[in-house]
Amino acid sequence: MEPIAAISTGNALSAIGILRISGEGCFDVCDRVFRPRNGRPFSRQNPREMVLGNLLDREGRTIDACLAVRFPGPRSYTGEDCAEFHCHGSPVVLDEGLRALFAAGARQADRGEFTKRAFLSGNLDLTQAEAVIDLIEAETVQAARSAAGQLGGALREPVEAVRGSLLDITSQFCAVVDYPDEDIEDLGREEILRTLEQAERTLSELLAAAHRGQLLRQGVPTVILGRPNAGKSSLLNALLGYDRAIVTAVAGTTRDTVEEKAVVGGVLLRLIDTAGIRDAEDEVERMGVERSRQAAARAELALLVLDGSQPLAGEDRQALAAARLAPRRLVLRNKIDLPQVLDSGSLEGERTLPLSARTGQGLDGLEAAVAELFPAGKTPPGRMLANARQAEAVSRALRFLRGAREALESGLTPDVVLTDAEGALNALGELTGRTLREDLTARIFERFCVGK
């Protein structure tokens, strides 16, 4: 494919900036814009070794002293000839270097085109390609570890194990049907059933962790509830580390939802500060209160803020009822820096945490509680489905597997079982980006002497 080039480190001012080029003839392009100090052309430099030299602009003038490295294909990220220039991080230098590469024969790379070429060359499957952007966008250590695991093949391994077992079934069946004169042993019903049951277990485990994987990547929708002046906005500001929401002594200051992200206990929370829940006095505030209840119904976690310096009121009970719409909740007894009046006994059965959003006292307990509610779990990093596309493909494969098993248990003919097994293979092929028919044909040819 034609050579493509791009700035891989963005256009912000930095100490180091990287230009990347890949494709057929890219080393010839590099020879035109880079002069190594050791006197040898760049195209003859040792692979995967940094070399010092001068980067030249379109007129052949030096614009930077930089390091360059070449990666001959197929042992490169893209699977084709590839090179990088590690320059000083001036946007002007990088822009001029990129223009020089264009003038020498490269074109501007499209979004994600280097990773797309890595996928097309077979260096990455689709799950690994998706993990690249997940790793770049990771906002927590857990999310980074998960993306790194998936990039390393942690998700591909169980999927490929399932695909391999299903290919054994389908290729054996096709071989028996297509080559009846060959001495090919047919698979027994119990062996097929065991294979289907094991594949079903593997995919069920992946699907069970899918929701947690998406929360890990996208963040846990978290609603902050409470009556006016309980300290909801103060809590939001404390978790963010800066004043995002307006905090006043006037009740009803927050009229609409305010959304921000914060890492709490190592977990990314998508925080939604809401209007104080009470019997509103005007139409705008009533709309805000209704949005608070709707946010609670959509949230995975509710943080109910109570004013510990005040007795429990009817408005607190309304807020508690809204918090109970979420699957998980924590009751926060705020303002512990003031004399305490709230009777926690009236909150029997609720997990209550004392804190002061104003001073920060008790926030460590909140972090520990959030980490406990959303643990990393025992699933190996990268073995959680990271998005809806992956979950849908696995779910569809699982439906086909269950159909194949039920058909086999009902005594239906093998071709019915085969149809469902091939449906599962198609779904898993979409997950990883593989093509089914080429794999199936190759498996048959490898197993039997078709060409004799």
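This dialogue reads a few features of a predicted model.

Q: What conventions apply to this model?
A: The model is predicted: local features need pLDDT of at least 70, side-chain atom pairs count only at pLDDT 80 or more, and totals for chains, interfaces and linings use all residues. Residues are numbered from 1 along each chain as its sequence is written, and side-chain values use heavy atoms, with hydrogens and water left out.

Q: How many bridges join strand E4 to strand E5?
A: Strands (E, at least two residues) and helices (H or I, at least four) are DSSP runs, numbered from the N terminus. Two strands pair if DSSP finds at least two bridges between them. Strands E4 (residues 51–56) and E5 (residues 62–71) run antiparallel, joined by six bridges. They form a hairpin with five residues between them, and glycine 60 in the turn has a positive phi of about 85°. Leucine 56 stands opposite threonine 62 in E5.

Q: Which residues have the most contacts inside the largest nonpolar core?
A: In soluble globular proteins, nonpolar side chains tend to be buried together. A nonpolar core is a set of buried (under 20% relative accessible area, 1.4 Å probe, protein chains only) Ala, Val, Leu, Ile, Met, Phe, Trp, Tyr and Cys residues joined through side-chain atoms within 4.5 Å. Here the largest has 29 residues, and those with the most contacts inside it are Leu166, Leu196, Leu203, Leu385, Leu401 and Leu428. H13 gives the most to this core, nine residues.

Q: Which residues of helix H8 are buried?
A: In H8 (residues 210–218), these are Ala210, Gly213, Leu215 and Leu216. Just after H8, glycine 219 takes a positive phi of about 105°.

Technical notes
Buried means under 20% relative accessible area, exposed over 50%, partly exposed in between (1.4 Å probe, protein chains only).
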